Amino acid sequence: MATVTASAHFNPAEDFIEKLYEQGVTDGLPVVPPTRDRVAYMLSGAPDRARDELLGTIGPQYGEATVEKVAINAVMAGCKPEYFPVVLAGVEGLCDEKMCAHGMNVTLFSAAPWAIINGPIRSMIGLNGGHNALGHGFRANATIGRALRLVIMNIGGARPHELTKATMGHPGQYSAVIAENEEESPWEPFHTERGCSADDSAITLFAGGSPQQISDFQSRSAEQLLWSIGRTMGGGLWNYKNYPLFGDTILVLSPEHAQTIAADGLSQKDVRQFLYENVTLSLDDLKPGKEGGEGFGSALLSTGSNKGFVVGDRVRKFRSPDSIFVVVAGGTAGRFSAAIPGWVADDLGSTPVTKRIQVD
């Protein structure tokens with residue numbers, strides 16, 4: 001191995017980036033040093049918010065998230081000031097008890113705060129909802145999600161090998177942002193189903209795992225395509241015998257898939273209802289120990305009948321139509337979609353939260 005030495009022009013012991021690594025405030029990637037001038041510049045992106053305004057506390061250590069502390073982390077993530085209102089709204093979501101940031105950050109499930117962003121803010125700050133919508137290459141997508149991760153670590157106190165106990169983790173824990181492709185969607189924007197108007201800008205946080213890509217190039221009717229997508233979700237999310245799912249699910253439809261479904265007159269609500277009614281397995285196939293130790297035990301049978309996810313000798317994959325969130329994103333060429341399974345939902349875990357973004 002070559003000997004590494006400091007040069008006359010660079011001494012790593014005095015380098016701000018290396019010092020931030022030593023302080024344990026990074027996500028594993030280099031961060032931008034949060035100098036006073038840079039933090040002040042970031043704060044200029046939300047001029048009506050006071051530095052000491054308390055947004056709330058973030059678990060698991062329940063650190064206080066002030067506007068200034070969030071700005072410091074946004075600088076480190078590489079955000080521009082115009083992204084800052086989105087980050088603030090996202091942190092307000094993390095502070096919402098319904099989101100259960102404490103549990104999301106310590107569960108073995110490897111959940112990340114997926115951020116679905118809607119409204120005019122997308123084009124104002126250059127968020128990408130087109131080709132490579134869930135991937136790399138766009139500063140706004142990459143750094144807004146990263147800022148939320150740094151806030152979780154540096155204010156919430158959740159770090160791997162310490163309080164964060166995720167067994168596997170996944171790449172979305174660096175940044176997980178979905179900007180809906182409203183322009184190519186045949187339906188009303190996602191956030192209008194969450195109580196916002198189409199003119200609002202909003203961010204919805206969802207405690208989710210890694211995405212599963214679903215391809216279907218052959219289906220040309222809504223029914224064909226939804227059977228294909230539903231069977232894939234039924235067999236792949238959590239475990240093929242986890243019926244019902246005790247978490248929510250995001251279904252990210254590509255524009256081509258969404259338009260195929262809409263051409264037959266179906267809405268997002270119809271998509272949810274189809275998947276709820278038709279993705280089922282028999283109780284016999286779900287017996288614990290049969291072709292896998294997981295399964296549907298007798299203790300769930302009476303509960304399932306009461307709550308509607310057991311019908312006759314069949315068990316539904318999804319607890320209710322409302323446990324499925326339908327979003328349109330991605331490029332205009334390619335018959336691919338993606339499903340993102342959520343951590344356990346409702347009183348046992350996390351409920352998605354939506355916050356309006358204050359845009360001056």
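In this predicted model, the side chains of R272 and E193 come together in a salt bridge, with an N to O distance of 3.3 Å. R272 belongs to helix α10, whereas E193 sits in the loop between β4 and β5, so the bridge ties together parts that lie 79 residues apart in sequence.

R122 and E182 form a salt bridge through their side chains, at 3.4 Å from N to O. Here, too, distant parts of the chain are linked: R122 is found in helix α6 (residues 121-125) and E182 in the loop between β4 (177-179) and β5 (202-208), 60 residues apart. In this pair, both R122 and E182 are buried.

A further bridge joins D346 to R319, with the N to O distance at 3.1 Å. D346 is placed in the loop between β12 (336-344) and β13 (353-356), and R319 in the loop between β10 (314-316) and β11 (324-328), with 27 residues separating them. D346 has a relative accessible area of 40% and is partly exposed, while R319, at 15%, counts as buried because the limit for that class is 20%. Salt bridges also link D284, D285, K287 and K290 into a network. Over the whole structure, the search returns 15 salt bridges.

Helix packing brings the discussion back to α10, the helix that carries R272. Helix α8 (residues 222-236) packs against α10 (residues 268-278) at an angle of about 55 degrees, and their axes are 10 Å apart. The two helices are therefore oblique to each other, and α8 passes α10 in a right-handed crossing. On the α8 side, the contact is made by E223, L226, W227, G230, R231 and M233, which meet V271, F274, L275 and N278 of α10. By residue class, this contact comprises six nonpolar, two polar and two charged residues.

The crossing of α3 past α7 is right-handed. From α3, V70, N73, A74, M76 and A77 meet T143, R146, A147, L150, V151 and N154 of α7. The residues of this contact divide into seven nonpolar, three polar and one charged.

Finally, a loop residue deserves a look. F296 lies between β8 (280-282) and α11 (298-307). Its relative accessible area is 6%, so F296 is buried. Leaving aside residues up to four places away in sequence, F296 touches Y243, P244, L283, L286, P288, L301, F309, V310 and V315. By contrast, V39 is 257 residues from F296 in sequence, and the two C-alpha atoms are 52 Å apart in space.

Methods:
Residues are numbered from 1 along each chain as its sequence is written. This is a predicted model: local features need pLDDT of at least 70, side-chain atom pairs count only at pLDDT 80 or more; totals for chains, interfaces and linings use all residues. Side-chain values use heavy atoms; hydrogens and water are left out. A crossing is left-handed if the near helix is turned anticlockwise from the far one by less than a right angle, and right-handed if clockwise. Helices (H or I, at least four residues) and strands (E, at least two) are DSSP runs, numbered from the N terminus. Contact means heavy atoms within 4.5 Å. Ala, Val, Leu, Ile, Met, Phe, Trp, Tyr, Cys and Pro count as nonpolar, Asp, Glu, Lys and Arg as charged, and the others, Gly among them, as polar. Buried means under 20% relative accessible area, exposed over 50%, partly exposed in between (1.4 Å probe, protein chains only). Axes are lines fitted to C-alpha atoms, for helices over the stretch in contact, and angles run from 0 to 180 degrees between N-to-C directions. Angles under 35 degrees count as roughly parallel, over 145 as roughly antiparallel, 65 to 115 as roughly perpendicular and the rest as oblique. A salt bridge is a side-chain nitrogen of Lys or Arg within 4 Å of a carboxyl oxygen of Asp or Glu.
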